[in-house]
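Hi,

Here is the structure I said I would pass on.

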Amino acid sequence: MLRRRDYLAANGGRRAPMPGFVLLVRNRKPDELADTPPHAMRIGITVSKKVGNAVVRNRMKRRFRALAAELLPEQGVAGADHVLIGRASGIERPFDDLKADLSKALRKVRR
């Protein structure tokens, strides 16, 4: 996801707060699917300056991209926008814990 309006729209979707991040998931409407296949998932990642300096924020974004690449193809919501919002405690959390948290958050938003 590249446009601000997509992130703002995702803010109105389902949310699953976890210790290291907040997951937002919003199903896209049929008229929004014109430029992508109907089952395509989009991912957005945001980490604010409150979390840390540029090095810390970029490290967190790399970890989130790796998590998304690993879990979203099997567990993500088809045709939905997924947004990961980084929290300050997420940078020191072990990767396996973040992976378990994302899996739990995806199950939570699927209900």
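Let me start with His 82, which, leaving aside neighbours within four places in sequence, is in contact with Met 1, Leu 23, Leu 24, Val 25, Met 41, Arg 42, Ile 43, Gly 44, Leu 72, Gly 76, Val 77 and Leu 106. Contact here means heavy atoms within 4.5 Å. Before going further, the ground rules: this is a predicted model, where local features need pLDDT of at least 70 and side-chain atom pairs count only at pLDDT 80 or more, while totals for chains, interfaces and linings use all residues. Residues are numbered from 1 along each chain as its sequence is written, and side-chain values use heavy atoms, with hydrogens and water left out.

Back to His 82, which sits in strand β4. Helices (H or I, at least four residues) and strands (E, at least two) are DSSP runs, numbered from the N terminus. With a relative accessible area of 0%, His 82 is buried; the cut-offs are under 20% for buried, over 50% for exposed and partly exposed in between, using a 1.4 Å probe and protein chains only.

One of the contacts of His 82 is Gly 44, in strand β3 (residues 42–46). Gly 44 counts as buried too, at 2% relative accessibility. Not counting residues up to four places away in sequence, Gly 44 touches Met 1, Tyr 7, His 82, Val 83 and Leu 84. The C-alpha atoms of Gly 44 and Leu 84 are 6.3 Å apart, though 40 residues separate them along the chain.

Leu 84 turns up again in the largest nonpolar core, which has 23 residues. A nonpolar core is a set of buried Ala, Val, Leu, Ile, Met, Phe, Trp, Tyr and Cys residues joined through side-chain atoms within 4.5 Å. Besides Leu 84, the residues with the most contacts inside this core are Phe 21, Leu 23, Val 25, Phe 64, Leu 102 and Ala 105. At least two core residues come from each of β2 (21–27), α2, β4 and α3, and α2 gives the largest share, seven residues. Phe 21 has contacts with Ala 16, Phe 64, Leu 84, Ile 85, Arg 87, Leu 98, Asp 101, Leu 102 and Ala 105, leaving aside neighbours within four places in sequence. There is also a second, separate core of five residues, including Met 1, Val 22, Leu 24 and Val 83.

Now the helix pair: at what angle do the axes of α2 and α3 cross? The axes of α2 (residues 54–75) and α3 (residues 95–110) cross at roughly 45° and come within 10 Å. Axes are lines fitted to C-alpha atoms, for helices over the stretch in contact, and angles run from 0 to 180 degrees between N-to-C directions. The two helices are therefore oblique to each other; under 35 degrees would be roughly parallel, over 145 roughly antiparallel and 65 to 115 roughly perpendicular, with the rest oblique. The contact is made by residues including Arg 63, Leu 67, Leu 71 and Gln 75 of α2 and Phe 95, Leu 98, Leu 102 and Arg 110 of α3.

Finally, Arg 93 lies in the loop between β4 (80–86) and α3 and is partly exposed at 22% relative accessible area. Arg 93 touches Pro 19, Gly 20, Arg 63, Leu 98 and Asp 101, not counting residues up to four places away in sequence.

Cheers
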